[in-house]
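Me: I have a model open and want to go through it piece by piece. Start with the strands, then the helices.

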Amino acid sequence: MLKEPLVREYLNDIIEDENLVIVQCLLDGTNTDEEIAEKTNIKLNIVRKILYKLYDSGLASYKRSKDPETQWYTYAWKFDSETIVNHIEDKYKEHIDKLKVLLDFEENTMFFTCETKHQRFTFDEASENGFICPECGEEIKFEENNSIIKRIKEEITNYETNYNALKMKNAK
Ligand SMILES: [Zn+2]
C-alpha cells in the first residue's frame, strides 16, 4: 500500500518519509509503540508522536488495555487503510474536477497578452483596456494556449491513472 504514489504523497503531508516505516509496521500487524520502536530503531517518543499525528489525521486508532499483572496500560494501534483511501479519493476527485473546470475555461477562452506577458486577459478584459497592457503600455495580442491545455490534460490523465490504480487495488 505504501508503494502507491498517492498514498505516499498523502502521508508525506503528515509525516516525514523516514517515518513511513512506522505505518508499514502497523500494516504488518506490529501494533504497540514499544514493539514498533524496537523493530524500526526509531526512538519511542518519536514513534508515539507519529502515532498521535496519524490518530489526529483520522488514519490510526488505538485500543487501550490494562495488563492484569503489572497494572500498566498498553495501547494497540491500528492503521486505517480504508480511511486513507477515502480521504485520497475525495481529495483527488476534487482536484481532478477543478482541473477539468480549468481545462474547459482554457479551451473555450481566447487569451491576450503583451510581449512581456505581464498579465493574461480575456477578450473582454483586453477590449476594456483598449488592447494596451496597463503595465508596460505595449499592445496586447492574441496568445496561443495550446501548451497550457496540453499540460492540464496531461495532469488530469496522470491523476486519473493513479487514482484508478488505487481504486482497483483497494476494490480487491
Ligand atoms: Zn505588459
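**Strands, then helices**

Me: How many bridges join strand S1 to strand S2?
Reply: Strand S1 (residues 60–66) and strand S2 (residues 73–79) are joined by 7 bridges and run antiparallel. Two strands count as paired if DSSP finds at least two bridges between them. Helices (H or I, at least four residues) and strands (E, at least two) are DSSP runs, numbered from the N terminus.

Me: Before we go on, what kind of model is this?
Reply: It is a predicted model, in which local features need pLDDT of at least 70, side-chain atom pairs count only at pLDDT 80 or more, and totals for chains, interfaces and linings use all residues. Residues are numbered from 1 along each chain as its sequence is written.

Me: What about the 3 strands of the open sheet, in which order are they?
Reply: The order is S4-S3-S5, and the pairing is antiparallel. Strand S4 (121–122) and strand S5 (141–143) are the edge strands, each pairing on one side only. Strand S3 (residues 111–113) pairs with S4 over 2 bridges, in the antiparallel sense. Phenylalanine 112 is opposite phenylalanine 121 in S4.

Me: Helices now. At what angle do H3 and H4 cross?
Reply: Helix H3 (residues 33–40) and helix H4 (residues 44–56) cross at roughly 120°, and their axes come within 9 Å. Axes are lines fitted to C-alpha atoms, for helices over the stretch in contact, and angles run from 0 to 180 degrees between N-to-C directions. H3 and H4 are therefore oblique to each other. Under 35 degrees is roughly parallel, over 145 roughly antiparallel, 65 to 115 roughly perpendicular, and the rest oblique.

Me: Left-handed or right-handed, the crossing of H3 and H4?
Reply: The crossing is right-handed. A crossing is right-handed if the near helix is turned clockwise from the far one by less than a right angle, and left-handed if anticlockwise.

Me: Which residues meet there?
Reply: From H3, Asp33, Glu34, Ile36 and Ala37 meet Leu44, Val47, Arg48 and Leu51 of H4. Contact here needs C-beta atoms, placed from the backbone, within 7 Å. The residues of that contact comprise 5 nonpolar, no polar and 3 charged. Ala, Val, Leu, Ile, Met, Phe, Trp, Tyr, Cys and Pro count as nonpolar, Asp, Glu, Lys and Arg as charged, and the others, Gly among them, as polar.

Me: What is the angle for H2 and H3?
Reply: Helix H2 (residues 20–27) packs against H3 at about 120°, with the axes 10 Å apart. That makes H2 oblique to H3. The crossing of H2 and H3 is right-handed. Val21, Ile22 and Cys25 in H2 meet Ile36, Lys39 and Thr40 in H3, which divide into 4 nonpolar, 1 polar and 1 charged.

Me: And where do H1 and H5 meet?
Reply: Leu6, Val7 and Tyr10 in H1 meet Ile84, His87, Ile88 and Tyr92 in H5. By class, that contact has 6 nonpolar, 1 polar and no charged residues. The axes of helix H1 (residues 5–12) and helix H5 (residues 81–107) come within 10 Å and cross at roughly 95°; H1 and H5 are therefore roughly perpendicular.

Notes. Two residues are in contact if their C-beta atoms, placed from the backbone, lie within 7 Å.
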